[in-house]
Amino acid sequence: MTVGKRNRSLAAAAAVLSGVLVLSACNDDDPAGAAAGSPTATSQAQVDEAAEQKTSKAQITISPENGAQNASINNDAKVAVTEGKLTEVTMTSAEGTEVKGEIAADGLSWKPSGQLERATVYKIAATAVDASGLEAHENSSFTTVSKENSFIGNFTPEDGSTVGVGMPVSINFNKAITDKKAVQSGITVSSSSGQEVVGHWFNSTRLDFRPDDYWKAGSKVTLKLDLDGVEGADGVYGVQQKTVTFTVGRSQVSTVDVEKKTMTVVRDGKVLRTIPISAGSPENTTYNGQMVISEKFKETRMNGATVGFTDSDGKGEYDIKDVPHAMRLSTSGTFIHGNYWGARSIFGSVNTSHGCVGLADVKGAGDPNQMAAWFYDQSITGDVVIVKNSKDKTIAPDNGLNGWNMNWSAWKAGSAV
């Protein structure tokens, strides 16, 4: 009996202990209790995962960033995506004009097809999808650099042109440049001839490039303007990103001897012709020096009043509306041109002009057998005309494209790099 009582007591204790264990389990981690009460860590993770599945993993980046000012007009506008592919990108100006662009074949980027306008607000809206097909969206608005806050360089010669051996690369900026080193560092000029090419600043707006001696005939010259975003002055940025190539043609250098009143035309080392001329009179002498033909006009008007010749100052006023076969040698008004109003006897015998070099011609520029017509037809911009034995001074290097009148060491001293 004693043994029996003990067994019943042990059984009762086991039952009580079992009840305690059940209660403990129910209080600590009972699934039924969890369903009736607050979410557990496991169920919260499931909720988070479900929410994450509704958000696209694609990450879109737009540049310039939203609200940017003074943005480049060349290549600042870009859209890129990671962990997805672009499906649609629209770019419009504030007025609603759409900017054409193209999504790359791999779907990872987009950019506009052409150059943007200055001082314009642009808006970009982009859409992308991730691998699950969920969409992501991004928007941006920016303003391109204004004309007031940007500069450009007007250059000569033109892209694709063929010029004479004397043609420098001349760049005239539309704003004064204060950081000349930064701007010149963004410009390179190179020649297939291997000649060293150096830039020279004549002032805050003009930068010319040339080699020590004339360009080699037949060479190719390349000008690269990498000025986009370059700060040329305080708050004034470059906008040009351009490559220009031109060809140097045959070598033609003509020498005017004012005393002898002749011009000898030499091409590739051989004399083509010696022409009688009439240069500046003793009262209005012609500049000495190396001059480059910068413009050609079959006919042009020449008004002496525009360059200071008037009857009131005793220099003699003139206004000829149809000067034939005129080619500019200086900014100040020196030309080599045809002369139909002077007697034929002056050419080769007396200097009568207001400083230009005159050749025999006819009114209307219609006779190809005239000396002026022949020389005009044989010449291209960039050809060199050297004037010697005049009583005048040597022309200033910045008066026209005439930097050849500065020695090489002085030229290099004017470089900012």
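Modeller: Two strands pair if DSSP finds at least two bridges between them, where strands are DSSP runs of E with at least two residues and helices runs of H or I with at least four, numbered from the N terminus. This is a predicted model, in which local features need pLDDT of at least 70 and side-chain atom pairs count only at pLDDT 80 or more, while totals for chains, interfaces and linings use all residues. Residues are numbered from 1 along each chain as its sequence is written, and side-chain values use heavy atoms, with hydrogens and water left out.

Biologist: What makes strand 25 and strand 26 paired strands?

Modeller: Four bridges join strand 25 (residues 335-339) to strand 26, the two running parallel, and that count meets the requirement for pairing. Histidine 337 has glycine 358 in strand 26 as its bridge partner. Both strands belong to an open sheet with the order 23-24-25-26 and mixed pairing.

Biologist: What makes strand 23 and strand 26 the edge strands of this sheet?

Modeller: Strand 23 (295-303) and strand 26 (357-360) each pair on one side only.

Biologist: Why is the pair of phenylalanine 202 and tryptophan 411 called edge-to-face?

Modeller: Rings of Phe, Tyr and Trp (its six-membered ring) pair if their centres lie within 6.5 Å, with planes under 30 degrees apart counted as stacked, over 60 as edge-to-face and the rest as tilted. Here the centres are 5.7 Å apart and the planes stand at 75°, so the pair is edge-to-face. Because phenylalanine 202 lies in the loop between strand 13 (198-201) and strand 14, and tryptophan 411 in helix 6 (residues 408-413), the pair ties together parts 209 residues apart in sequence.

Biologist: What makes tryptophan 215 and phenylalanine 246 another edge-to-face pair?

Modeller: Their rings are 6.4 Å apart from centre to centre with 85° between the planes, and the residues themselves, one in the loop between strand 14 and strand 15 and the other in strand 18, are 31 residues apart.

Biologist: How do you know that tryptophan 215 and phenylalanine 246 are buried?

Modeller: Buried means under 20% relative accessible area, with exposed over 50% and partly exposed in between (1.4 Å probe, protein chains only). Tryptophan 215 has 3% and phenylalanine 246 has 1%, so both count as buried.

Biologist: What makes arginine 273 a charge over the ring of tryptophan 374?

Modeller: The definition asks for NZ of Lys or CZ of Arg within 6 Å of the ring centre and within 35 degrees of the ring normal. The charged end of arginine 273 sits over that ring, 4.4 Å from its centre, while that of lysine 296 sits over the ring of tyrosine 376 at 4.2 Å from the centre.
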